[in-house]
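Please read it beside the sequence and the model.

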Amino acid sequence: MKAHVSSILLGVRDMDRAKRFYTEGLGWKIQNDYGISVFFESDGASPVGFYAREGLADQVGTSPEGSGFSGLVLTYVVRSEARVDEVMAEAEKAGATILKPAGALPWGGYGGTFADPDGYIWSLGYSAQGEDQPYAE
């Protein structure tokens, strides 16, 4: 198996709320809306989509219940500290919960963390070190 993710599916409790958060709040564009699932334009990266939480849990053979840290963090690497601040502000305005405000990171970078309305954690970051980072933008 290769170190590659073909797509990322997030189980959401309220499809309309999730779509509003990502489209109106963060500016994502819907590529396909199948009713039970939604996929966003990926700009060449692994596609991100939503599926109703209970349906997705049933599809993979687990319970939709859960609480606390799932062990999953989605990362978004940008090219400047200013862009980190901009995305954090966009997310907060859209209804995200700021978990760690943007600031200096222990390893020398700059970043912050927020949770979307379903509790999925996004870690935003910037580092002046290295040219081969997986930039999202």
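Helices (H or I, at least four residues) and strands (E, at least two) are DSSP runs, numbered from the N terminus.

The model is predicted: local features need pLDDT of at least 70, side-chain atom pairs count only at pLDDT 80 or more, and totals for chains, interfaces and linings use all residues. Residues are numbered from 1 along each chain as its sequence is written, and side-chain values use heavy atoms, with hydrogens and water left out.

**Overall dimensions**

Along the principal axes, the C-alpha atoms fill a box of roughly 40 × 35 × 30 Å. Of the 137 residues, 34% count as buried. Buried means under 20% relative accessible area, exposed over 50%, and partly exposed in between (1.4 Å probe, protein chains only). Among contacts with a separation of 6 or more, 49% join residues 24 or more positions apart; a contact means heavy atoms within 4.5 Å.

**Domains**

The protein chain is divided into domain 1 (8-60) and domain 2 (73-126), with bounds that come from an automatic or database domain assignment. Their C-alpha centres lie 20 Å apart. Across the boundary, 14 residues of domain 1 are in contact with 12 residues of domain 2.

**Pockets**

Pockets were searched for on a 1 Å grid over the protein atoms alone; a pocket is an open set of points where a 1.4 Å probe fits, with protein on both sides within 12 Å along at least five of seven lines, and lining residues have an atom within 4 Å of a point. Grid points are joined across faces, edges and corners, and a volume is the space filled by probe spheres set on the points.

The largest pocket holds about 890 Å³ of space. Its lining consists of 27 residues, with A45, T75, Y76, W122 and A136 nearest the centre. The elements that give two or more residues to this lining are β5 (74-77), α3 (81-94) and β8 (121-126). β5 gives the most, with four residues.

The second largest pocket has a volume of about 540 Å³. It is lined by 22 residues, and G11, R53, P64, S70 and Y120 lie nearest its centre. Here β1 (8-12) and α2 (53-60) are the elements that give two or more residues. The largest share, four residues, comes from α2.

Domain 1 and domain 2 each give at least three residues to the lining of the largest pocket, and each gives at least three to that of the second largest pocket. By class, the lining of the largest pocket has 17 nonpolar, four polar and six charged residues. For the second largest pocket, the lining has 10 nonpolar, eight polar and four charged residues. Ala, Val, Leu, Ile, Met, Phe, Trp, Tyr, Cys and Pro count as nonpolar, Asp, Glu, Lys and Arg as charged, and the others, Gly among them, as polar.

**Loop residues**

| Pair | Separation in sequence | Distance in space |
|---|---|---|
| I36 and E24 | 12 residues | 20 Å |
| G71 and G61 | 10 residues | 18 Å |
| E41 and H4 | 37 residues | 18 Å |

I36 is found in the loop between β2 (30-33) and β3 (37-40). I36 counts as exposed because its relative accessibility is 53%. Leaving out residues up to four places away in sequence, I36 touches M15, F50, Y51 and A52.

The loop between β3 and β4 (48-52) holds D43, and E41 is found in the loop between β3 and β4 as well. E41 has 52% relative accessibility and so counts as exposed. Beyond residues up to four places away in sequence, E41 touches K29, I30 and Q31. D43 is exposed at 77% relative accessibility. Phi of D43 is near 55°, a positive value in a residue other than glycine. Most residues other than glycine have a negative phi.

G71 is placed in the loop between α2 and β5. At 55% relative accessibility, G71 counts as exposed.
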